[in-house]
Amino acid sequence: MSTNDNPPEEPMGSELPPQDEPARSAAGPAPAAGDDRAAQPAPPTRSGRQRLAEAVWPPRVSRAQLIVALLLFVLGLGLAIQVRSNSDSSALRGARQEDLVRILDELDGRTKRLEDEKQRLEDQRKELESSSNQAEEARRQTVEKERQLGILAGTVAAQGPGIVLKITDPTGQVQSDQLLDTLQELRAAGAEAIQVNGVRVVASSFFSEEGGGIAIDGKKITQPYEFKVIGKPQDLEPALNIPGGVVQTLEKEQATVAVTRPAKIVVDALRAAKQPDYARSSSS
């Protein structure tokens, strides 16, 4: 037999393809040795806190943001002032209507007296400026001022319009503090000279309980208590009759209160001028 009848055998290496070729194709071509990108390291990973810090600092403030900040500051300042104003007026919110009426009446009276005093001083200034003999005018004003101070100090007599307040206390319930409140109310209403039962009342006067009765500056007085008051009657009498005022308080003590307006009030009880022990004029 001839050996050429059998087909020739194929080499063993041609039956299975190499196993590592697909892996190489999936991984892609290897980087070339001269490629710079292969030599650079990967950038470091930043945390969220680092990114927030980089976004906040340094600050980037625009003009619009500055305007908004300024408006917010002004608004906050206005709110603070309003809160403080509301807190200052909170003391009056709880006051009774009678107290508010009395406070308003006193403020109106004081404002009117201050305006009158301002006008009087302006008139004096104009007289000094326009007077041909300023020295004589100054002396005249000095004498007038001395007379006014004498009335306030009780060293000279006074007369003028005003009211007479008579308090009759048959049950003896009126106390010295109630008479003091009456005096203060009259002063707040613009009383310029006051005499009570023959005793001249001045800035240093005081009321006290003495021997079962009432005394002014140590001088005992008895009821009926008569206040002679020089001032504007249109201001004095309404101040006594306001709700919750002097008249209502005294009537609760079973006292009788009468107010009259004579054509002229004379206050002629005098006090001796007292020389101060320590105070001296600063102009000397």
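How many helices and strands are there in the protein chain? There are 9 helices and 10 strands, where helices (H or I, at least four residues) and strands (E, at least two) are DSSP runs numbered from the N terminus. The model is predicted, and local features need pLDDT of at least 70, side-chain atom pairs count only at pLDDT 80 or more, and totals for chains, interfaces and linings use all residues. Residues are numbered from 1 along each chain as its sequence is written, and side-chain values use heavy atoms, with hydrogens and water left out.

The protein chain has 284 residues, of which 23% count as buried; buried means under 20% relative accessible area, exposed over 50%, and partly exposed in between (1.4 Å probe, protein chains only). Its accessible surface comes to about 21,100 Å², and 56% of this belongs to carbon and sulfur atoms. Accessible areas come from the Shrake-Rupley method with a 1.4 Å probe, and for residues only the protein chains shown count as cover. Among contacts (heavy atoms within 4.5 Å) between residues at least 6 apart in sequence, 75% join residues at least 24 apart.

Helix 3 covers residues 63–88 and includes Leu77. Leu77 is partly exposed, with a relative accessible area of 46%. Together with Leu70, Phe73, Val74 and Ile81, Leu77 makes a nonpolar surface patch of about 530 Å². Patches are made of residues with over 30% relative accessible area and no salt bridge, with like charges joined within 9 Å and nonpolar side chains (Val, Leu, Ile, Met, Phe, Trp, Tyr) joined within 5 Å. A salt bridge is a side-chain nitrogen of Lys or Arg within 4 Å of a carboxyl oxygen of Asp or Glu.

The next element is an open sheet of 5 strands in the order 4-3-8-2-9, with antiparallel pairing. Two strands pair if DSSP finds at least two bridges between them. Strand 4 (199–201) and strand 9 (256–260) stand at the edges; each has a single partner strand, so one side of each is left without a neighbour in the sheet. On average, neighbouring strands of this sheet are turned by 20° against each other, direction ignored. Axes are lines fitted to C-alpha atoms, for helices over the stretch in contact, and angles run from 0 to 180 degrees between N-to-C directions.

Within this sheet, strand 2 (residues 162–168) and strand 8 (residues 225–230) are antiparallel and pair over 6 bridges. Ile167 stands opposite Tyr225 in strand 8, and Val164 has Lys228 in strand 8 as its bridge partner. Lys228 also has Gln195 standing opposite. Strand 3 pairs with strand 8 in the antiparallel sense over 4 bridges. Helix 8 (residues 233–240) lies across strand 2, strand 8 and strand 9, and runs at about 25° to strand 2.

Asn197 lies in the loop between strand 3 (193–196) and strand 4. Its phi is near 50°, a positive value in a residue other than glycine, and Asn197 is partly exposed at a relative accessible area of 30%. Pro224 lies in the loop between strand 7 (219–221) and strand 8, and the peptide bond from Gln223 to Pro224 is cis, with omega near 10°.

A second open sheet has 3 strands in the order 5-6-7, again with antiparallel pairing. Strand 5 (207–210) and strand 7 stand at the edges with a single partner strand each, so one side of each has no neighbour in the sheet. Here neighbouring strands are turned by 45° against each other on average, direction ignored. Helix 7 (residues 176–188) packs on this sheet, touching strand 5 and strand 6, and its direction makes about 160° with that of strand 5.

Strand 5 and strand 6 run antiparallel and are joined by 4 bridges. Glu210 has Gly213 in strand 6 as its bridge partner. The hairpin of these two strands has 2 residues between them, and Gly211 takes a positive phi near 60° there. Strand 6 is joined to strand 7 by 3 bridges, and these strands too run antiparallel. Ile216 stands opposite Lys219 in strand 7. Asp217 is found in the loop between strand 6 (213–216) and strand 7. Although Asp217 is not a glycine, its phi is positive, at about 55°. At 19% relative accessibility, Asp217 counts as buried.
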